[in-house]
Amino acid sequence: MYTTIQFIHSYWAYLVLFVVLIATINAIAGFMGNKEYGPKDFRLALFALITTHIQFLIGLVLYFVSPLGLQNITNNGMGEVMGNSLFRLYAVEHPIVMILTVVFITIGYSKHKKKLVSKPKFKALAIFYTIALLLMLSRIPWAQWLDL
Ligand code: HEM
């Protein structure tokens, strides 16, 4: 169970990063270039929303089955987890910041949907997706993930 969920979370992350990156670049390009918002832009924004939400759900399950998630806190105590940068990243920082990431993507998506013209649509996506992307990049356990 644990290894399967960990495997899916680890590989789905490539898709999440890729799609959010493309959706963000597309939104910035649309805003800067005064482009007309079309079905392709909608699909990209939606795909970013869906993939991050799925990753969030997988991550939530993982948090309860991984020795690096909640079990780390219950077994070692909060003091020890906070004192160890890798433990802190997995059990505290990564989950909290990734939840924020999902919140920013969701706000950006729903704000953009409510706007009626192209420029504000791209603006909402560009702002919120960029923040989400930066947050995501800041709290991925890069060395462990890419086995560096
Ligand atoms: C939504 C965006 C998210 C992304 C892009 C993401 C990405 C990743 C990546 C790349 C890893 C490293 C995997 C590896 O070392 O093979 C990881 C590990 C982990 N993530 Fe996430 N994650 C996200 C959300 C979450 C959430 C919301 C939670 C919990 C509530 C979570 C909990 C965990 C845990 C506990 C691990 C460590 C698993 C282990 O190796 O035992 N993640 N995540």
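Visitor: How far apart do the end C-alpha atoms of residues 12-32 lie?

Guide: This is a predicted model, in which local features need pLDDT of at least 70 and side-chain atom pairs count only at pLDDT 80 or more, while totals for chains, interfaces and linings use all residues. Residues are numbered from 1 along each chain as its sequence is written, and side-chain values use heavy atoms, with hydrogens and water left out. The span 12-32 is 100% helix and 0% strand, where helices (H or I, at least four residues) and strands (E, at least two) are DSSP runs numbered from the N terminus. Its end C-alpha atoms lie apart by 30 Å.

Visitor: Which residues does UniProt give as "transmembrane region"?

Guide: The feature comes from an unreviewed entry; UniProt positions are given in the numbering used here, feature names are shortened, and annotations may be inferred rather than shown by experiment. The record places the feature at residues 12-32, 44-66, 86-110 and 122-142.

Visitor: Which protein atoms are donors of the iron atom of the ligand?

Guide: Donors are N, O and S atoms within 2.8 Å of the metal (3.2 Å for Na, K and Ca); water is not among the atoms, so sites may look incomplete. The pair of protein donors lies 2.0 Å from the iron atom and links distant parts of the chain, helix α1 (residues 2-32) and helix α5, 85 residues apart. The donors are His9 (NE2) and His94 (NE2).

Visitor: What is the geometry of the site of the iron atom?

Guide: Six donors count as octahedral if opposite donors are over 155 degrees apart and all others between 65 and 115. The angles among the six donor atoms here are 87 to 178 degrees, and the site is octahedral.

Visitor: Is α5 roughly parallel or antiparallel to α6?

Guide: The axes of α5 (residues 85-114) and α6 (residues 118-138), lines fitted to C-alpha atoms over the stretch in contact, come within 8 Å and cross at roughly 170 degrees, on a scale from 0 to 180 degrees between N-to-C directions. Because angles over 145 degrees count as such, α5 is roughly antiparallel to α6.

Terms used. Parallel < 35°, antiparallel > 145°, perpendicular 65-115°, else oblique. Tetrahedral: all angles 85-135°; square planar, octahedral: opposite > 155°, others 65-115°.
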